Each structure stands twice: as C-alpha cells, then as structure tokens.
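Please look over the sequence and the structure before reading on.

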Amino acid sequence: MATSAFALKEQGNKAFKAGDYKEAEELYSKAIQRDSANPALFTNRAFTRIKLQAWEACIDDCIRAIELQPQSMKGYYYLAQAQVALHHPNEALSSATTAYDICLRTHDSSASNISALILQAKKEKWEVKERDRIRRRSDLLRELEDALLRAADVQRLQIDQRLKYLDLGPTEGREEKEEITAATRRKVEELRNIFAVSDPVNLARREVPDYLIDNISFAIMHDPVVTKTGNSYDRSTLLEHLKRSNTDPLTREPLTREDLRPNLALKQACAEFLEENGWAVDW
C-alpha cells in the first residue's frame, strides 16, 4: 500500500529535526506528489530549502503555498528570507511586511522574528541606496568594489563545479560559500572605511541606529512610548495596533493604552538624530 501524504510529511518532519535536510526535502516532495493542494507541505519544503540555501526553489514553493492559501504567513515569511538571501531587498521588504500584518491579525507568536527580518530587509534596501550614492562619488572605489565582487563570483562558480563533479559535499559547499560571502563583505566594508577617512563628508556610510526605529512601522519614531514590558513604539502606530488587538505587538502580552508611558529620553534622541541627519527622513 502506498504511503500517505500525511505519513510522508511526518517522516519529513523527523528528518528535518534530525538535521537531514536533503532527506526531508525528498520526503516532502513525495508528500506533495500525493497531495499537491496542501499549502503546509509547500511551506515545510520551503523551510527545508532555506536550510539547504536552495533559494530559487524555496521561492517557487512559497509562491505555490500563497496561491493555495493567500493568507499564508509562513509562505510570505520564508519568501522574504529567500529574497533577502538573493539580495532583493525591495521584494523581501514587501513579503516580510505582509507576513507581519498576517501575524498581527492572527496573533501568531512569530512577530518578533518577522520584525527583525523586516528591519534587515529595510537596512539592505538602504544599503543599496548608500552603496550607489558612495560609488557615484568615487570612480576608484567603484572599480575596486566591482573587482572584489567579481572575484567572489568566480570563487562561487568554482565551488559549483566541485559540487557538480562530487568533489565537495553539499554542507561543505554551503559553508564555503558562506565564508566567501562574509569575507567579501568584510573586504568591501574595510575598503569603504578607508575611503571614508579620506572624504568623510561624501563617502562616510550613513545608517540609523536600531533603537530609534519603531517595530510596527519600521520608521524612525517621533513620539515614542514605552510599554509595561519595556518595549518602545511610536505612539500613533501602537494606538492604531491596539484598535485591532489589545496585545504588545512583539511579546503578545495583554496591553491597553492606559499602560503606555512617554519615553522622553528616546524622543529627545530621535529628535536630535533627525536634526543632525536630515537624510534620515527618507530612511
């Protein structure tokens, strides 16, 4: 008798928990062959493919899960993770924001993790703009950065060839690619720092400190309030959230507007930062 989709899914879950992601992927694929209308099977395989860094395949699974279940929080959440990994911050920000909205509506406990992902996507989106701004300021910096990125691409292609001819295992290949990416980022960052010293006004990197950012709108706060759990949010966005749910957006603990207190020190810090960094209004 053929194994059911449910049984294959359970076997896949066990393989996933054991860290055997390739086996888990194969089992979820077999389950999908038996029940291709189940969005949970696609999100399970998508999460497995995140572990395998099979980003394009993960995106395909997420899109299928969302087609089957338009309010699939996991579908959008995993989609955003893959898009961040592929350096598509605009798409990742849209997907993560959708996941966050679904999370708040359904009172899911993943709000904190999704909030961190939104902030990561927004930072990467800003980083792209900053990189382009700085590169336009210096032809030499642009040429040197491009050379570093091309060298990293060549190294990744070499790893793909070794994987193709089985000279390297999937885990080792993934780890080597991660190290190449990390090393390249360090080199680019060091290069930018060197150029920033020579021209701090035009070439210094601009960024917004995390503690100034509201965890609902992901913009710089203007009138921050602090909750009884110690989290700070912009007053207007938190009050809007409380119309839908009397809970802290991150901790999910009960919360009412009477529990809010002005965070005067943070309000002053936000005001001073915006006063000294007018560009941050567009962050």
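A residue counts as buried when its relative accessible area is under 20%, and as exposed when that area is over 50%. Ala-80, with a relative accessible area of 0%, is therefore buried. The model described here is predicted.

**Overall layout**

The protein chain contains twelve helices and three strands. Its C-alpha trace spans about 70 × 55 × 30 Å along the principal axes. Of the 283 residues in the chain, 43% are buried. When contacts between residues at least 6 apart in sequence are considered, 54% of them join residues at least 24 apart.

**Helix 4 and its surroundings**

Helix 4, residues 55-68, has 14 residues. From its first C-alpha to its last it reaches 20 Å, close to the 20 Å expected at 1.5 Å a residue. Its buried residues are Trp-55, Cys-58, Ile-59, Asp-61, Cys-62, Ala-65 and Ile-66. Seen down the helix axis, these buried residues fall within an arc of 165°, so they line one face of helix 4. An α-helix has 3.6 residues a turn, so residues three or four places apart point the same way. On the other side of helix 4, Glu-56, Asp-60 and Glu-67 are exposed. The buried residues of helix 4 are covered by elements including helix 3 (39-51) and helix 5 (73-85).

Ala-80 belongs to helix 5. Neighbours within four places in sequence aside, Ala-80 is in contact with Ala-92, Ser-95, Ala-96 and Leu-117.

In soluble globular proteins, nonpolar side chains tend to be buried together. The largest nonpolar core of this model has 50 residues, and those that touch the most other members are Tyr-100, Ile-114, Val-208, Ile-220 and Leu-238. Two or more residues of this core come from each of helix 3, helix 4, helix 5, helix 6 (89-106), helix 7 (111-137), helix 11 (235-244) and helix 12 (264-276). Apart from this core lies another, of twelve residues, among them Ala-5, Phe-16, Ala-31 and Phe-42.

When residues up to four places away in sequence are not counted, Tyr-100 touches Ala-111, Ile-114, Ser-115, Ile-118, Asn-215, Ile-216, Phe-218, Pro-249 and Leu-250.

**The largest pocket and helix 9**

The largest pocket holds about 1,800 Å³ of space. Its lining is made of 47 residues, and Val-84, Ala-85, His-87, Thr-181 and Arg-185 lie nearest its centre. At least two lining residues are supplied by each of helix 2 (21-34), helix 5, helix 7, helix 8 (139-164) and helix 9 (170-198). Helix 9 gives the largest share of the lining, twelve residues.

The 29 residues of helix 9 should span 42 Å at 1.5 Å a residue, and the 43 Å between its end C-alpha atoms agrees with this. The buried residues in helix 9 are Gly-173, Arg-174, Ile-180, Ala-183, Thr-184, Val-188, Leu-191, Arg-192, Phe-195 and Ala-196.

**Loop residues**

Most residues other than glycine have a negative phi, and most peptide bonds are trans. Gln-53, which is not a glycine, has a positive phi of about 60°. Its place is in the loop between helix 3 and helix 4. Phe-218 likewise has a positive phi, near 60°, and is a residue other than glycine. Phe-218 is found in the loop between helix 10 (200-203) and strand 1 (224-226).

A further loop residue is Asn-263, located between strand 3 (261-262) and helix 12. Leaving aside neighbours within four places in sequence, Asn-263 is in contact with Pro-224, Val-225, Val-226 and Ser-232.

| Residue | Relative accessible area | Class |
|---|---|---|
| Gln-53 | 23% | partly exposed |
| Phe-218 | 4% | buried |
| Asn-263 | 18% | buried |

Asn-263, at 18% relative accessibility, counts as buried because the cut-off for that class is under 20%. Gln-53, at 23%, is partly exposed.

Methods
Residues numbered from 1 in each chain as written. Predicted model: local features only at pLDDT ≥ 70, side-chain atom pairs only at ≥ 80, totals over all residues. Heavy atoms only, no water. Helix = DSSP H or I, 4+ residues; strand = E, 2+ residues; numbered from the N terminus. Expected span 1.5 Å × (residues − 1). Buried < 20%, exposed > 50% of the residue type's maximum accessible area, 1.4 Å probe, protein only. Arc of directions from axis to C-beta. Contact = heavy atoms within 4.5 Å. Core = buried A, V, L, I, M, F, W, Y, C linked by side-chain atoms within 4.5 Å. 1 Å grid on protein atoms, 1.4 Å probe; cavity = no way out; pocket = protein on both sides within 12 Å on 5 of 7 lines; lining within 4 Å. Points joined across faces, edges and corners; volume = space filled by probe spheres on them.
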